[in-house]
Amino acid sequence: MCPPADVPPANGNGHEEMVLVDTHETARPAIPPANQTAPNGSSNGHSHPPTNKAKGPYSRASDFLSNTSNWKIIESTLREGEQFANAFFTLETKIKIAKMLDDFGVEYIELTSPAASPESRAHCEAICKLGLKKTKILTHIRCHMDDARLAVETGVDGVDVVIGTSSFLREHSHGKDMAWITKTAIEVIEFVKSKGIEIRFSSEDSFRSELPDLLSIYRTVDKIGVNRVGVADTVGCADPRQVYDLVRTLRGVVSCDIETHFHNDTGCAIANAYAALEAGATHIDTSVLGIGERNGITPLGGLIARMMVADPDYVKAKYNLPMLREIENLVAEAVEIQVPFNNYITGFCAFTHKAGIHAKAILANPSTYEILNPSDFGMTRYVSIGHRLTGWNAVKSRVEQLNLNLNDEQVKDATAKIKELADVRTQSMEDVDMILRVYHTGIHSGDLKVGQSAVLDRLLEKHIASRDSSPDRREKDVNGTPAKRQRVDEATTA
Ligand SMILES: [Zn+2]
């Protein structure tokens with residue numbers, strides 16, 4: 001079972017009031033620095049210096065446990081991601097992904113065990129020879145001396161060891177008891193350490209393991225100098241409160257780093273990662289687009305989105321954020337899927353605003369309805385205007401972009417026509433532009449006056465008839481793809 005909630009929240013009532021500040025243009029409020037010392041008085045061994053003063057305006061006041069401004073990514077697209085149903089990575093693709101993740105700035109990539117197959121071993125060796133600039137290379141093995149011997153020969157910077165500790169896995173998977181697990185773990189850890197490379201020990205299915213068993217083995221491996229212990233929600237059963245409680249308890253037991261791995265079966269993978277960092281975890285496992293076994297793990301982009309809200313300066317300093325879309329496109333293509341429409345940051349509607357009241361506010365100040373700034377990721381916001389929910393402020397913005405000369409009364413009149421036509425079917429950007437241009441020509445030729453809806457209908461029909469008879473008429477796009485949406489330039493929205 002999951003551990004009991006026997007420890008009080010570390011940060012008082014845990015419900016500090018939010019302070020609304022413009023994320024994009026305004027300086028952030030100062031928040032006192034937090035003590036990064038673990039509750040047992042020892043350093044948590046995390047190597048980069050704490051940067052707790054640079055918090056986002058929406059994050060809670062820092063507490064002595066929280067690592068939301070001091071964490072690292074273990075990117076497992078090339079291990080966990082290989083377990084995704086559609087995944088079959090050639091060496092060439094793996095090298096492309098590894099190099100791109102290195103350019104993006106992840107601290108570690110994790111590769112499939114060299115014991116999995118001869119090809120896996122060859123791939124592991126080849127990626128170790130790439131000479132990545134920043135990213136360290138790990139491989140993920142069973143807690144077994146044969147696997148450990150193979151792993152250290154590949155040239156990796158570290159080895160991630162895992163073994164099932166829940167009664168489900170002990171009885172139905174490897175069939176070993178905790179005494180055997182502890183003895184083998186010590187043997188493997190001491191062997192890997194003797195080769196001078198990093199070693200992590202993780203339980204599998206941690207949230208369905210007995211807490212005394214877990215704490216006992218973590219304490220033992222910490223004492224013999226493991227670099228990290230790992231907590232894995234292998235079946236995706238944990239919720240953020242359970243994660244907070246377990247990691248917080250563990251933080252008081254070990255002095256080494258704490259890595260966490262969350263599956264997304266019940267939709268908690270990002271929230272669990274965040275709760276783990278709040279409780280003192282130091283490393284989060286991710287994969288690009290969250291691909292992995294079943295429906296996968298914490299997605300790289302989703303974690304970045306979450307952490308940008310907690311501490312944007314820290315995230316921007318560490319990672320090359322505009323590369324995110326490129327990496328996701330590469331992986332999506334490699335595993336033959338589409339980037340989901342509602343994907344964090346890069347989904348096609350992530351920065352698209354539709355409702356009239358939202359559009360008006362966004363045009364005045366993007367922070368009104370955006371917690372993330374698209375330009376931080378090389379993305380652009382869109383205001384969708386060819387629909388029945390549109391508003392005249394958004395239409396006015398488009399009129400200005402088209403350099404048309406219409407006063408507010410005329411823009412409102414043209415907006416009424418757009419809404420009338422959009423009640424029949426959604427209007428593409430091309431449709432909207434046509435209505436505005438015909439309206440503009442009608443007003444300035446004297447053929448049209450405000451309120452003459454029937455006259456405008458006739459002018460539009462005439463325009464469409466002459467356009468359709470034109471030999472160079474372009475294919476009409478009626479599906480409203482993002483390319484046809486209105487781009488709201490930074491100049492318009494500043
Ligand atoms: Zn996993």
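Trainee: Where does Arg294 lie?
Mentor: Arg294 is in the loop between strand 8 and helix 9. Helices are DSSP runs of H or I with at least four residues, strands are runs of E with at least two, and both are numbered from the N terminus. Residues are numbered from 1 along each chain as its sequence is written. This is a predicted model, where local features need pLDDT of at least 70 and side-chain atom pairs count only at pLDDT 80 or more, while totals for chains, interfaces and linings use all residues.

Trainee: What phi does Arg294 have?
Mentor: A positive one, about 50°, although Arg294 is not a glycine. Most residues other than glycine have a negative phi.

Trainee: Zooming out, how many helices and strands are in the chain?
Mentor: The chain has 17 helices and eleven strands. Of its 494 residues, 46% count as buried.

Trainee: Which strands close into a barrel?
Mentor: Eight strands do, in the order 1-2-3-4-5-6-7-8, with parallel pairing. From one strand to the next, the twist averages 25°. Axes are lines fitted to C-alpha atoms, for helices over the stretch in contact, and angles run from 0 to 180 degrees between N-to-C directions. Two residues are in contact if their C-beta atoms, placed from the backbone, lie within 7 Å.

Trainee: How many bridges pair strand 1 with strand 8?
Mentor: Four bridges, in the parallel sense, join strand 1 (residues 72-75) and strand 8 (residues 283-286). Two strands pair if DSSP finds at least two bridges between them. Lys72 has His283 in strand 8 as its bridge partner.

Trainee: Why is strand 5 largely enclosed?
Mentor: Because six of the seven residues of strand 5 (residues 198-204) are buried. Strand 5 runs parallel to strand 4 (residues 158-164), with seven bridges. Strand 5 also runs parallel to strand 6 (residues 228-233), with three bridges. The chain gets from strand 5 to strand 6 through helix 6 (residues 211-223), in a right-handed β-α-β crossover. Right-handed means that, with the strands pointing away from the viewer, the path from the first strand over the helix to the second runs clockwise.

Trainee: New topic. Which residues of helix 1 are buried?
Mentor: Lys94, Ile97, Ala98, Leu101, Asp102 and Phe104. They cover an arc of only 160° around the axis, so they lie on the same side of helix 1. The arc is that of the directions from the helix axis to the C-beta atoms.

Trainee: What do the buried residues of helix 1 pack against?
Mentor: They pack against strand 1, strand 2 (108-111), helix 2 (118-128) and helix 11 (324-334).

Trainee: What should the 14 residues of helix 1 span?
Mentor: At 1.5 Å a residue, helix 1 (residues 91-104) should span 20 Å, and its end C-alpha atoms are 20 Å apart, which agrees. The expected span is 1.5 Å times one less than the number of residues. Just after helix 1, Gly105 has a positive phi of about 115°.

Key. A residue is buried if 20 or more other C-beta atoms lie within 10 Å of its own, exposed if 12 or fewer, and partly exposed in between; C-beta atoms are placed from the backbone.
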